[in-house]
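These are my notebook entries on a structure that is new to me. I set down what I looked up, entry by entry.

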Amino acid sequence: MDKPLSEYVTPQQTSAFDGFAFHTYDGPYTNLFKVSREFPNWTLGMTERRCLFTDSYEDASHIMGGLICNWLVRQGLGFITLWNLALDERRLPNEAGSTGRRGVITIDHKTGKVQRNFEYYMLRNLSQDVEPGSVRIASSSYSPDGYTGGISSTAFLSPNGSIAVQLYNPTGKDLKVSLILYGYGTEWQTVTIPAWGTATVHKSNYAINESTPRSDENFALHPTNLNFSDDTAPGVGINDKKNDLL
């Protein structure tokens, strides 16, 4: 996305497509802002992002909480898919050479016990707090990209008139935020967002989903060695891989 999409397709051609799919491994992500406004009839979908593994808490939060779940959704992102949804305590099954990753959840392959990873809670923020059928509405944001600057926000209006606002703090210190809802005069709510943290506030006359996930189950992790060398399955030669593809 280093060039305007209009350099690749004409307006007539774009009418034949329902949407645009992309990954978030390389920027500049700001060009997605232009896509969502140049082709407002398209659904934008992030169809792959590897779950994190060796990233620092700060980087993981910037990527998942700041860039993907807040800023990209604010720019028009319609759905999120992560890779992988579930792996076992060995980080398997995984045919690619880039082993050592993890899933959204980790499942013990012998007992079926479950542990939920950071990505699970990142997705849960949206799936629990944003009602199906909601639309994004205008809100102030003080981050140019979701992971630098100040507090970023993404607000949603549900079909029943309720409002949910997701807030992300891209700084290394707690920040107090005061929210004002346009047309209602005085301050709505004050909340402290932890360093590199996310919080959601609601305004609703209806019951709010306050469910919590069950406790994680304990089991030892035995991850395979981390390897980013290529996408060749372990033990498979490059010629074998080419023959398999043919």
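**Entry 1: An exposed arginine and its partner**

I began with R214, which counts as exposed at 53% relative accessibility. I then looked for its partner and found that R214 forms a salt bridge with E217, with 3.8 Å between the closest N and O atoms. E217 is partly exposed, its relative accessible area being 28%. I note here that this is a predicted model.

**Entry 2: Confidence**

The chain has a mean pLDDT of 84, and 89% of its residues reach 70 or more. Where is confidence lowest, and where is it highest? I found the lowest mean, 40, in helix α5 (residues 238-245), and the highest, 97, in strand β6 (residues 114-116). Over residues 231-246 the pLDDT stays under 50. For that stretch the model has 14 contacts beyond four places in sequence. Where pLDDT is low, the predicted coordinates should not be read in detail.

**Entry 3: The chain as a whole**

I looked up the overall composition. The chain has 246 residues, of which 41% count as buried. Its secondary structure comes to five helices and twelve strands. The chain exposes about 14,100 Å², and carbon and sulfur atoms supply 52% of that area. I also checked the contacts between residues at least 6 apart in sequence: 57% of them join residues at least 24 apart.

**Entry 4: Further salt bridges**

How many salt bridges does a search of the whole structure find? The search finds four. Besides the pair of the opening entry, I examined two.

In one of them, the side chains of R116 and D216 meet at 3.0 Å, N to O. R116 lies in strand β6 and D216 in the loop between β12 (198-203) and α5, so this pair ties together parts that are 100 residues apart in sequence. R116 is buried, with a relative accessible area of 13%, whereas D216 is partly exposed at 35%.

In the other, the side chains of D88 and R90 meet at 2.6 Å, N to O. D88 counts as buried at 7% relative accessibility, while R90 is partly exposed, with a relative accessible area of 30%.

**Entry 5: N218**

I stayed with the loop between β12 and α5, where N218 is also found. Is N218 buried or exposed? N218 is exposed, with a relative accessible area of 68%. Leaving aside neighbours within four places in sequence, I found N218 in contact with K113 and Q115. The C-alpha atoms of N218 and K113 are separated by 7.6 Å, although these residues are 105 apart along the chain.

I turned to the interior. In soluble globular proteins, nonpolar side chains tend to be buried together. The largest nonpolar core has 31 residues, and those that touch the most other members are F20, F22, V35, I68, L72, L77 and L82. Which elements give two or more residues to this core? They are β1 (19-23), α2 (31-38), β2 (43-48), α3 (57-74) and α4 (118-129). Of these, α3 gives the most, with nine residues.

I recorded one member in detail. Leaving aside its neighbours within four places in sequence, L77 is in contact with F22, L44, G45, M46, I68 and L72.

Why is β8 largely enclosed by the rest of the structure? I found that five of its six residues are buried, so the strand is largely enclosed.

I then looked up its pairing. Strand β7 (residues 135-137) pairs with β8 in the antiparallel sense over three bridges, and I137 stands opposite A155 in β8. Strand β9 (residues 163-168) also pairs with β8 in the antiparallel sense, over six bridges. Here the bridge partner of L157 is I163 in β9. β8 and β9 form a hairpin with five residues between them. In the turn, I noted that G161 has a positive phi of about 95 degrees.

Conventions:
Residues numbered from 1 in each chain as written. Predicted model: local features only at pLDDT ≥ 70, side-chain atom pairs only at ≥ 80, totals over all residues. Heavy atoms only, no water. pLDDT = per-residue confidence, 0-100. Helix = DSSP H or I, 4+ residues; strand = E, 2+ residues; numbered from the N terminus. Contact = heavy atoms within 4.5 Å. Buried < 20%, exposed > 50% of the residue type's maximum accessible area, 1.4 Å probe, protein only. Core = buried A, V, L, I, M, F, W, Y, C linked by side-chain atoms within 4.5 Å. Areas by Shrake-Rupley, 256 points an atom, 1.4 Å probe, with all protein chains shown as cover. Pairing = 2+ DSSP bridges.
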